[in-house]
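Work through the exercises below with the model open. Each task is followed by its solution.

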Amino acid sequence: MESKNTMLSLAQAFHTKTISFLGAGSVVEAIIGGVLRNELVPASQIYITNRSDQERLQSLSDTFGVQIERDKKALIEKADILVLAIKPKDVAEACQSLRGLVRKDQLVISVIAGVSTDFLREWLGVECAIIRTMPNTSSAIGLSTTGMSRGRFADEEDLATAKHLFEAIGTVYALPEEELDIITGLSGSGPAYIYYMIEAMEKAGVEAGLKPEIARRLTVETVLGAAQMLLTTNAEPALLRKKITSPNGTTQAGLEVLDSFSFQEAVVSAVLRATERSRELGAQFN
C-alpha cells in the first residue's frame, strides 16, 4: 500500500511540472505522445524548440497542442524538467549556449548518445541534477527499452521523476552510468539489427517464391512469436533453439549455414562495436 501511495504522490507532483524539450526529433515526438496518452501533464505545460526547423515545431504543435517557444532562455526559465535531445555533433555548441541559463533546482534529462553527465554538468556550469538516458526507436509505439543513470547531483527522487516520464514510452532500467554505453550498443542500436535480419528473411522468402507481402507477414509474426515465447516462458534462448532443432532436420540445416557465416560472432561484434562507438563519441567531449 505504501508503494501505491508513493506512486500516487509522484504522479500528483509530476502533473504540476512544466517540461521543456530542446530538440524536436523522433524521440521527442514519442515522449510527448506518451506523456499525453498517459496524462502525465497537459499539453499546455510542454514547451518545444529546436535549432532552426520551424516547420517541424509547427507540426508537433498542431499534432499534440504543445507550446512552441523560440526563445531558448524563456524555454529554460519555464522548465521544471529540461530534456536535451540534441545530436551529439551539436552538443558542445548547444551546451555552451545554455551556460548560465540552467538553474540548480531544475532536472536536466539527456537523451544524447555517448555524452556523460559530468561533461554536461561542466558545460552547463551549474551543479544541477542530471539524468542520462538511452531509449530506442520502439518508443514510437510505447515499447522502448530505456537505460537510465543519474549524475552526481541527482538523487533518488530525481531518478524516480525521470523514470515516471520514460515509463510513458516503455520499460526503464536504472543502471550505473558506465553501463549506458553498453545499453546503447545493445538495445539502443538493437532494433536496427533485428530489422536487418528481417530484411534478409523477407528477401529469402521472396527468392524462394513467396509474394512480398506474405514474406513480410510471416517474418514479422515469426520474430514477434519468438520474442513473446522468451518473455512468457523465461526459458534460455539456447534451450528453445534446441527444442526446434531436430537432428538432420530443416532447422539444423539452416543453422549450419548461419554458423558457416559466423552469425553469432557477427552479432556479438556488432553490439561490441556499437558500444565502443558510443564510448568514442563521449571521449571526444570528455
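Contact here means heavy atoms within 4.5 Å. Helices (H or I, at least four residues) are DSSP runs, numbered from the N terminus. This is a predicted model: local features need pLDDT of at least 70, side-chain atom pairs count only at pLDDT 80 or more, and totals for chains, interfaces and linings use all residues. Residues are numbered from 1 along each chain as its sequence is written, and side-chain values use heavy atoms, with hydrogens and water left out.

**Exercise 1.** Find which residues of helix 8 meet helix 9, then classify the packing.

Solution. Start with the contacts. Gly185, Leu186, Ser187 and Gly188 in helix 8 touch Gly190, Pro191 and Tyr193 in helix 9. Sort them by class: three nonpolar, four polar and no charged residues. Ala, Val, Leu, Ile, Met, Phe, Trp, Tyr, Cys and Pro count as nonpolar, Asp, Glu, Lys and Arg as charged, and the others, Gly among them, as polar. Now the geometry. The axes of helix 8 and helix 9 (residues 190-208) are 5 Å apart, at an angle of about 25°. Axes are lines fitted to C-alpha atoms, for helices over the stretch in contact, and angles run from 0 to 180 degrees between N-to-C directions. Helix 8 is therefore roughly parallel to helix 9. The classes are: under 35 degrees roughly parallel, over 145 roughly antiparallel, 65 to 115 roughly perpendicular, the rest oblique.

**Exercise 2.** Describe how helix 8 crosses helix 13.

Solution. Take the axes. Helix 8 (residues 180-188) and helix 13 (residues 263-283) have axes that come within 7 Å and cross at roughly 135°. That angle makes helix 8 oblique to helix 13. Next, the contacts. Asp181, Ile182, Thr184, Gly185 and Leu186 in helix 8 face Val271, Ala274, Thr275, Ser278 and Arg279 in helix 13. By class, this contact has four nonpolar, four polar and two charged residues.

**Exercise 3.** Determine the packing and the contact classes for helix 5 and helix 6.

Solution. The axes of helix 5 and helix 6 lie 8 Å apart, at about 45°. The two helices are therefore oblique to each other. From helix 5 come Val91, Ala92, Cys95, Gln96 and Leu98; from helix 6, Phe119, Leu120, Trp123 and Leu124.

**Exercise 4.** Search the whole structure for cavities of 30 Å³ or more, and say what lines the largest.

Solution. On a 1 Å grid over the protein atoms alone, a cavity is a set of points where a 1.4 Å probe fits but cannot get out; lining residues have an atom within 4 Å of a point. The search returns one cavity. The largest cavity has a volume of about 30 Å³, a volume being the space filled by probe spheres set on the points, which are joined across faces, edges and corners. Its lining is Thr117, Asp118, Arg121, Cys128, Ile130, Gly151, Arg152 and Phe153. Helix 6 (residues 117-124) gives the largest share, three residues. Finish with the classes of this lining: three nonpolar, two polar and three charged residues.

Notes: On a 1 Å grid over the protein atoms alone, a cavity is a set of points where a 1.4 Å probe fits but cannot get out, and a pocket is an open set with protein on both sides within 12 Å along at least five of seven lines; lining residues have an atom within 4 Å of a point.
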